[in-house]
Each structure stands twice: as C-alpha cells, then as structure tokens.
Amino acid sequence: MSEEIVLNIEKVQKKFGKFEALKDITFHVNKGEVFGFIGPNGAGKTTTIRTILGIIKASSGKATVFGDDVWKERVQIHQRLAYVPGDVYLWPNLTGGEIIDLFLKMNGEKHTAKTDELIKKFDLDPKKKARTYSKGNRQKVALIAAFSQDAEFYIFDEPTSGLDPLMEEVFQSEVLDLKSRGKSILLSSHILSEVERMCDRIGIIREGTIIEQGTLDEMRHLTRTQFIVITKENAQDVQKIDGVHTFNVDQSNSQKVHFSADADAIETIMKFLTDKTILSIQSTPPTLEDLFLGYYKQSSNLTEVSDHEK
Amino acid sequence: MKNNTKGYLFLNRLNLRRDRFNILIWALALAGLMAGVAFKFEGIYGTPQSIASIQTTLHSPAMKALFGSFDTALNKSSDVFATEMLIFMAIVMIAMNIYFAVRITRGEEDKGLTELISAHAIGRGANFYAATTELILINLTLGILYSVGIQFSGMAGVTAQGSWLIGLGLGAMGLLFGMVGMLMAQLFDNSRSATIMSYFIFGIMYVARMYTDIKNPDQTWWVPLGWIEKIDAFHGNNWLPVLLMVLLSVVLWGLALLYNRTRDIGSGLITVQFGKQRASWLLRGPITLVERLQRHSTIIWIVALFILGTTYGSIFDTIGNILKTNPTMQQVFGKAAVQSANHQILLNFVSVISVVMAALASLPALIAVNKLRGDNNRGYLESVYAKALSRTHIFSGYLLNSIVVGIVSFAASLLGLYLAGNAVLTHGDLSLNTYVHTFVAVAPTITIAIGVAALLNGLAPRLNWISWVYLGYGFFASYLGKLIKMPDWSTKLNGLGWTNEVPLHSVNYTNVSVMLLITLGLIIIGAWGYRRRDLD
C-alpha cells in the first residue's frame, strides 16, 4: 500500500437484509487532495462514509484508511481522522462550547487558540445549550471541532446543507487552508459549485455504484462543449461531422448555429469552421452540473447531457 | 375557536392509527392481567378458610403499605379482589397513562413532528385536543374491559354495579395521571423531564397514601391516589371518589390547556438556555459524558429512593408494636417473646419492601442502559463513533452509569430505612448489619436486570423493550405473587425471586454469587455483540 494513498476502497458492497445499499464502490483518496463525492440523495454517500468510519461493516470488498482495515483498526484510524456527519444532532443539555471541547478530548486533543478563532469565524455562541441551536448552528459545532483537530484525513458529509452563504464561504476557506497544509479531504456533497471550486478529483455515485471518477478535467472529456457560432458562409454541414450533437440553426439568423461537441471532435470542427470564415464564436466548457445531471437522469447515453448552458 | 380546533378529527385518526399497536398491546396486557387474576381468584379464595389464612397477612403493615388499608370485612373472594387489587392495578394504569400522555404530546414535539403538523392547516389546539381524546378513549376502553371482565369472572359476591365501579374507577385514576402527564409535558421542554416529574408526583402520592394507610386511613382521603381505596365496591359502592378523580382531571387538563395556549411550540415553562462556555475537565469521555447527561436524573432518583426509605422507616414504631393491637400478649408470652415477635415483623417488613425498592431502583438503571439505543437513534452518537474510542468504552459509559444509579439509589433507600427506622424505634433497633445483608442479597437482582438490558442493547437493540418486560414481570411477581398464589417456580423466573427473603432469613451466598456471575455473563455477551454489529 502506497504511503500516498490515504483512503482506498475496492469493490465494497453493503447489504441491509435483501436491500443492496452499496453495490460496487471503488475509489481512493490521495494524500493532500480534496476528493469530491457526489451523488443524489439516497445514492449511498452516507452509507459509504459510515463504512469508512467502521460504524457499519461492509458485506464484502476491502476498505483501508492509512493502509489499515477500516473495521478492525477503527480506533487507531479515528485517532488521525476528523468527521462531520450530514445531520448533526447534539445532546440538548450540553452547550456548544462543552460539546466542542468534548469532541476534541475524545481524540486526545485540546481546546486551542485555533478553536477560539474558529468559534469567532463561524459566529457561534458557545454558551447556548444545544437545544436552542438551529440545524446550521449544530453543524457549526461539529465543523469547529473538526477544523480545530489536527487530523490527517477529514471527512465531511454534506457539511454546508444548513449553513448560510456567508458561513459556506468560511467553510470553503477552511477547507482550502487544510489543503494548503497537505491534509486529505473527502467531501460528500450535492452542492456542485462547492465541489467544483474545491475538489481535485471527484467520484460520482449512483444507486450504490461509483459510476465515474477522476479529475474534473478528465471528466470534462466525457461530456461536451457547447458552441454558438456565426460564420460568413453557410456552416450547416458541421452537423455531418462525427461528434457533433444537438445541432440546430438559429431561427432569426440562418448563419448562426448552435451545437455541442465531443472533446475529441473539436479539432476537426474548428478546421471546418475556419474554412467557412468565423465571425463570432462562443464556447462554454461543461460544468459539473451537466455531468451530474447527465448521470442523475440515469442515462449512459451522452446525447441526453443537459445543454441548458446554451 | 373554530380555527383553533381545525384538523382535530384528522389528527385524532392519525394519532390512533400511529399508536394502534401500542394501545393494543397495553390494553391486551392490562385487561388480560386483570381478567386473569379475577378468574383465578375464586379458585384461590373460594372458601372462608383460604380467606382467613390470608387475612392476618393482609392486615400486616407491610401489606397495608403495598395494597392499602380497608375496612371491608373479607368474606368472599370478590371482597379480597375489590380491595387488594386496586392499588396494584392503579399503578399499572398510571404507568401506562404517563407513558402515553408524555409520548403523544411532548414526545412528538421533541421529534419535531408537532412543528411539521402545525405548518399545515391544523388548528393551534387541535394537537392538544386530539391527545386528550386519545387518553380518554384509552382509559374508557380499558375501564369497560375491566368492568366486563370482573362482572363475568364468576367470583362470589360480584355485583354489576361494583364491577363497573372498579373498572371505571381505575379508568378515572388512569385519566387523572394522564392529565398529570399532559400538564408536565406542557411545563417541561423535553419528554424525559416530563416523565420523571410525572413519576415524581406519583411517587409522592404513593408514599403519602402508604403513610396515611398505616397511621390513619381516614387521612388517605387527602391523597388523590388513595381515592381508589375508598370506592368500597360490592358493598357501599361509593362513586364519590370516581367523581373526584374526574373533577381533578378536568382541573389539571384546564391548567395544561392554559399553558399550551400561551407557550411556543418546542418550548416549555421551565427552560434553561445558557450554560458553560467550556467543558469542565471532568467532561472528557463516554463515561463522564453519560454521567454528566444523567447527573440530574441520577441525583433525583437517589434522593427520591432515600426519601422513600425514610418514609417506610418512619412507620417502624407503628409496625413493630404488636402490643397496640394485642395488649394481652405481653401477659401471656412475657416481654422477651413480644419483643422477639416485634422484631420478626420488622424483618419481614424490610424483606418485602426491599424487593419493591430494588424494583424501583432498577427503573433508572434500565433507563440508563437503554439510552444507548435512544442516543444512537437520535443521532447524538454519530460523531462519537468517529472518535478514537473503542466501542467497549462507549458501551461501558452507559453501563457504568446504570450500575451506579441502580446500586446507589437502592443503597440510599436502605440507608433511609435504617436512619429513620432506628430514629423512631424506642427499643429493638435493627442493626446496620441487617441492612448490609439485605443489600448483599437484593442488589444482585438489580444488576441482573441491567445485564438483561446490556445483552439486548448489545446484540439486538430493537428488542431492548424486553428488559422492561423482565422488570415488569419481576415487579408483578414480587408485588402480587403471594396474594394470587403464583407457583414457586414462576416467581423464580426473575432475579427478584432469589433474594431468600433477607433479612427474615440469612443471605444465601450461592444465590448471590450465581446472580453476579449471570450478570457478568450477560454483560460480556452484550459487549461482544456491540463490538461486532452495525451501529444503525
């Protein structure tokens, strides 16, 4: 096992009775990278994370963190790991401050100046009892405890679902700070802009299976760039090139065409268009959202990739 | 007002649907218990001789403390039934009502469901009225089932009026405590506190009526719980107590309604908003965490059982004074014999109530272990699972708290008994050793109950309700076992049947050791299961 791989999951399956929550989960997180784990609700993100944490046991497959088995060596692994659950529930009778300290102590750490700084940044009143906290405030408690912990691997399960945009900013800057210090992060989310901004690599999960993983750039090859082109000569024949999809001609201007193109066809297209004398060209690279929506529609057929960016 | 009750009928149906299995199980268990005992009674107390044999026992202070004090002459089996069964059945009804009342009001609010419902076109008061209706229906149904069951039980001396008086009287008593539960659910902002306070009020009344029953039964009229003793079924048939219960229920309901209408959803009259900014150095791991979470309730239980002990102790002079009831005895048997007889009565009293106190001390102990599942289901433990803590460590946090609260509150009750008992006795004090022996013999019954709960929570948390069945059965068998002449083996199905009636008899160290070994075994299997299962 390479020292550079923090989390490695191979062919993990999890069955609850007859229900197969995880069918085939295979991915890894490298040291020092932010890995985005995206998928719709109920796809198995939280189940995967709970398996990684040794809270539930995989039915089959192999999962290791720092090279150790996640089920057998969970206590040692947790020593070097910080986790923020998707739904944070706290003991109503304790204050936020008490819970933060408790969480730190449970991992042998202490309340430091960093903790105070985070409490200020996240604008939390630590003297209030947890019963008075909103969802966002409960999330802040878990985030503050996690960020002030000096771990090597951080797992966030939909961490910003209850935070307001200002606090989302704080969260993102803290994650980028961790990254700059060489920490590894697994970030589960369905807020795509967040993943797009922070993650080096992403994995897409659907119905218990990782269907795609890689860097965002690699993924973009899998989808299409949107083009809007105005040419001097009629360029409608561009639709005959292999790799051009969803072609149509602008209703008010027959010289203006809209289409999407596969990455490997772009060179041919550009040569063809240049011959027709390009007057104006707009191209929009695919966003994660396109990717995600494509898979979300349960389609392996790329023609259904959303072209809402047009 | 119309807006206020909008959706009431809808909620009513929804709630009844939601609780249907719960209600069915309670109703079957309680009505079955009542009818079963009623049908059995003619067989046990069908002859004057059999009644005579229990008469002296029932007039002993220990039995008065448990079953109440009655003037009715015991001639027929129905007479025994109509007196001695009342307090026990009232306790069961009260437990059921507190359970439902808190659950369907504050419990729903704790889960955030009330908020969800209030967001719809449902009147502000609809929830409250629906809960009230549900409680009335439950108690009315059970009252009718009891009445019919008794009427057709075939006991000698049963009359229709008397049967309905007992049935509806118990229903009214249930409703009364249902309203206590509802009021507490309005005052406190979490269901745990509301339940504890409801039981606290019940506990005060129970102890008060026990005190007046032994000292002066007429004063029992001052205690609402004691009203059930005053119905005089099959003879005087006094409906006044039932009327009083209903009236008091209405008053409590009105108070609850008043608070319900003025407060915000999710809040209570008594709330604490602020606390410490930093954790104390004590709060550092699962063990101290559970201790901290349970601290208030632990202290309340210990103090409450200590008070219960002192109350029992404070009547020792009345109990241990045979001369009061039989002045010629000293002349016939001599002073020494009288004192020895007094001593025996006291020891018997201690042996009976120490079992009851052990059953009571098991309550907080089971609550503490079963909290492992509760906290898991509420999601409180999700973050803790990802910490560098072994599962054994987390498990032991709950277990240790359970053992401490169970054992210490039981010890506190015996201490109360010892201090108050010796304070009122003019001679023939019971030595501290007597109580130490009682503790040694009885405390393992508490740890076995804890072991049962630990096993269930470790292996199959969904079945942890079985621990309550175990304790409930033990309570039933030790409370009523003698009265309804349960066979010996059936009382021995529970740890409480193995105490060897210490201090009346000496400690059976084999029983004690076996009970401790069983406890240890149950806990080890539970912890083993907890380490290897999914925490979901």
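Predicted model: local features only at pLDDT ≥ 70, side-chain atom pairs only at ≥ 80, totals over all residues.

Visitor: Which residue with a positive phi follows α1(A)?

Guide: That residue is G54(A), with a phi near 70 degrees.

Visitor: How is chain A divided into domains?

Guide: Domain 1 covers residues 5-213 and domain 2 covers residues 224-285. The centres of these two domains of chain A, taken over C-alpha atoms, are 44 Å apart.

Visitor: How many residues of chain B are in contact with chain A, and how much area is buried between them?

Guide: An interface may be read first by its contacts and then by its area. Here 42 residues of chain B are in contact with 39 residues of chain A. The two chains bury about 3700 Å² between them, with 56% of it on carbon and sulfur atoms. Of the area that chain B buries against chain A, 17% is supplied by Y380(B), E382(B) and K387(B), more than by any other three residues.

Visitor: How many salt bridges and polar contacts join the two chains?

Guide: The count of salt bridges between chain B and chain A is five. One of the salt bridges pairs the side chain of R50(A) with that of E382(B), at 2.9 Å from N to O. On the side of chain B that touches chain A, the elements giving two or more residues are α12 (286-313), α17 (382-385) and α22 (509-532). The residues of that side divide into 16 nonpolar, ten polar and 16 charged.

Visitor: Is I407(B) buried or exposed?

Guide: I407(B) lies in helix α18 of chain B, residues 391-424. Its relative accessibility is 19%, and it therefore counts as buried. Apart from neighbours within four places in sequence, I407(B) is in contact with F439(B), A443(B) and T447(B).

Visitor: What distance separates the C-alpha atoms of I407(B) and N422(B)?

Guide: These C-alpha atoms are separated by 22 Å, the two residues being 15 residues apart along the chain.

Notes:
Residues numbered from 1 in each chain as written. Chains lettered and ligands numbered in written order. Heavy atoms only, no water. Contact = heavy atoms within 4.5 Å. Buried area = accessible area lost by both parts, 1.4 Å probe. Salt bridge = Lys/Arg side-chain N within 4 Å of Asp/Glu carboxyl O. Helix = DSSP H or I, 4+ residues; strand = E, 2+ residues; numbered from the N terminus. Nonpolar A, V, L, I, M, F, W, Y, C, P; charged D, E, K, R; others polar. Domains from an automatic or database assignment. Buried < 20%, exposed > 50% of the residue type's maximum accessible area, 1.4 Å probe, protein only.
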